[in-house]
Amino acid sequence: MAAQPETRVESPRLVVDAVKGARGDRVLFEDLSFALHDGQLLHITGPNGSGKTTLLRVLCGLLAPLEGVVRWRGQDIRSSVSRHRLESTYVGHRDGLKAELTAFENLQIVARLCGCPDGEGIDDSLRLLGLWEQQDIMVGHLSAGQRRRLALGRLILKPALLWILDEPFTAIDVAGREIIEAQLIRHLEDDGIVVLTSHQALVHSKLRDHCVTVSLQ
Amino acid sequence: MEAIQTNAIDAFTTIFRRDLKLAMRRRSELVNPLAFFVIVVSLFPLGLSADSNMLLRVAPAVLWISALLATMLSLESIFRSDYEDGSLEQLVLSHHPLPVIVFGKIAAHWCTTGLLLTLISPALGISLAMPTENLGILLWTLLLGTPTLSLIGSIGVALTVGLRRGGILLALLILPLYIPILIFGASAVDMAMHKLEVAGQLYLLAALLALSLTLAPFAASAALRVTLE
């Protein structure tokens with residue numbers, strides 16, 4: 001990138017414009033619009049079945065919106081796929097881990113696929129997530145909370161600007177939650193963007209400072 | 001952000017090695033298609049009578065149909081577990097071209113099924129009283145044909161993996177597409193046993209392989225995107 005003057009361009013990074021989403025035949029949300037700037041956290045709330053996961057899947061590009069567009073850096077994410085893919089990380093409802101591989105091997109694959117050099121990055125994330133002792137255990141033998149922590153390891157390994165998290169705190173204990181919230185704060189302070197769904201309110205006051213809320217009915 | 005650019009070949013080898021490692025750890029998935037192949041082939045001498053002339057006549061078809069069914073039974077493993085544990089979403093969202101990733105998975109699937117079926121086929125040929133000089137051609141046809149089975153099969157699995165009971169539908173989708181491979185494969189072995197020239201059949205099998213090699217990863221990728229919507 002050529003040196004740009006330090007005038008913070010106030011065009012939002014992520015724009016959701018009049019999006020309509022449905023699951024099967026049931027319309028879950030319609031004419032939904034919002035915009036996110038660097039350093040903002042979007043907390044999507046709503047009861048079960050209100051379309052939170054569907055919205056996240058639209059935002060990460062797995063699902064095409066029925067109407068409207070999602071723009072990343074001003075470009076439709078359905079047409080300019082690679083930029084958005086490169087700059088976002090999605091941790092879905094399912095962990096995306098292989099039960100027959102160890103914790104270390106799972107992270108190794110994540111690291112290789114996102115092109116991060118092997119070695120210390122993986123060790124650091126295992127330590128950070130409190131899974132250092134469990135690194136050689138098959139993921140199938142880890143607890144649900146430990147698997148969830150490991151799934152969130154891809155946030156640390158892949159240097160992405162946009163984090164899309166579906167219920168990141170499910171099954172995670174208090175200590176794990178603190179670790180993850182600390183990572184979220186660090187990411188937001190580095191001008192990253194976080195979109196998450198969670199039934200629990202965000203505990204940390206710093207997170208609430210960055211937070212915007214969208215409620216789905 | 002600059003560290004994140006890896007090339008597609010890295011993505012291919014990562015996925016290929018990952019799936020091989022997974023196959024080695026799930027021994028049953030590795031052994032089941034082979035056991036199925038051996039058992040089905042060995043049922044024929046029991047059912048048909050031990051008349052070796054009769055066995056000899058049906059041997060090419062028996063071997064080929066059994067290999068085809070064994071491959072079909074193993075196809076789900078290409079995408080099923082990745083679909084269920086959410087890995088497939090992550091692979092689809094990766095910035096690498098999806099056909100490259102899918103091709104890595106297909107290649108690993110062939111190495112753990114089709115290649116192994118091919119390697120044990122001469123032993124089964126002997127059990128069906130095939131003359132040893134024809135075992136070479138049996139190996140060649142299976143070597144050219146089984147990758148095509150994995151490639152075409154991957155499209156069917158990609159389409160049906162989202163369905164709870166996709167098994168029968170998969171068979172209905174895929175078996176008709178397997179017919180040309182079966183015809184050329186089995187007839188090549190049959191003609192070789194009658195001391196006829198089989199280069200034509202081998203070329204056609206190779207052509208089918210080249211065609212599916214270039215098209216199937218793209219078709220399967222498109223099908224996966226639809227399945228995950």
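Buried means under 20% relative accessible area, exposed over 50%, and partly exposed in between (1.4 Å probe, protein chains only). Helices (H or I, at least four residues) and strands (E, at least two) are DSSP runs numbered from the N terminus.

This is a predicted model: local features need pLDDT of at least 70, side-chain atom pairs count only at pLDDT 80 or more, and totals for chains, interfaces and linings use all residues. Residues are numbered from 1 along each chain as its sequence is written, chains are lettered from A in the order in which they are written, and side-chain values use heavy atoms, with hydrogens and water left out.

Helix α5(A) covers residues 144-157.

Contact means heavy atoms within 4.5 Å. The lists leave aside neighbours within four places in sequence.

| Residue | Helix | Relative accessibility | In contact with |
|---|---|---|---|
| Gln90(B) | α5 of chain B | 14% | Tyr90(A), Val91(A), Gly92(A), Arg154(A) |
| Asn106(A) | α3 of chain A | 5% | Leu97(A), Lys98(A), Leu101(A), Val139(A), Leu150(A) |

Now the interface as a whole. The contact takes 32 residues from chain B and 32 residues from chain A. The chains bury about 2,900 Å² between them, 55% of it on carbon and sulfur atoms. Buried area is the accessible area (1.4 Å probe) that two parts lose on being put together, summed over both.

Eight salt bridges join chain B and chain A (a side-chain nitrogen of Lys or Arg within 4 Å of a carboxyl oxygen of Asp or Glu). One of these pairs Arg57(A) with Glu89(B), at 2.7 Å, N to O. On the side of chain B that touches chain A, α1 (8-25), α4 (80-85), α5 (87-93) and α10 (199-228) of chain B each supply at least two residues. α1(B) gives the most, with eight residues.

Methods. Expected span 1.5 Å × (residues − 1).
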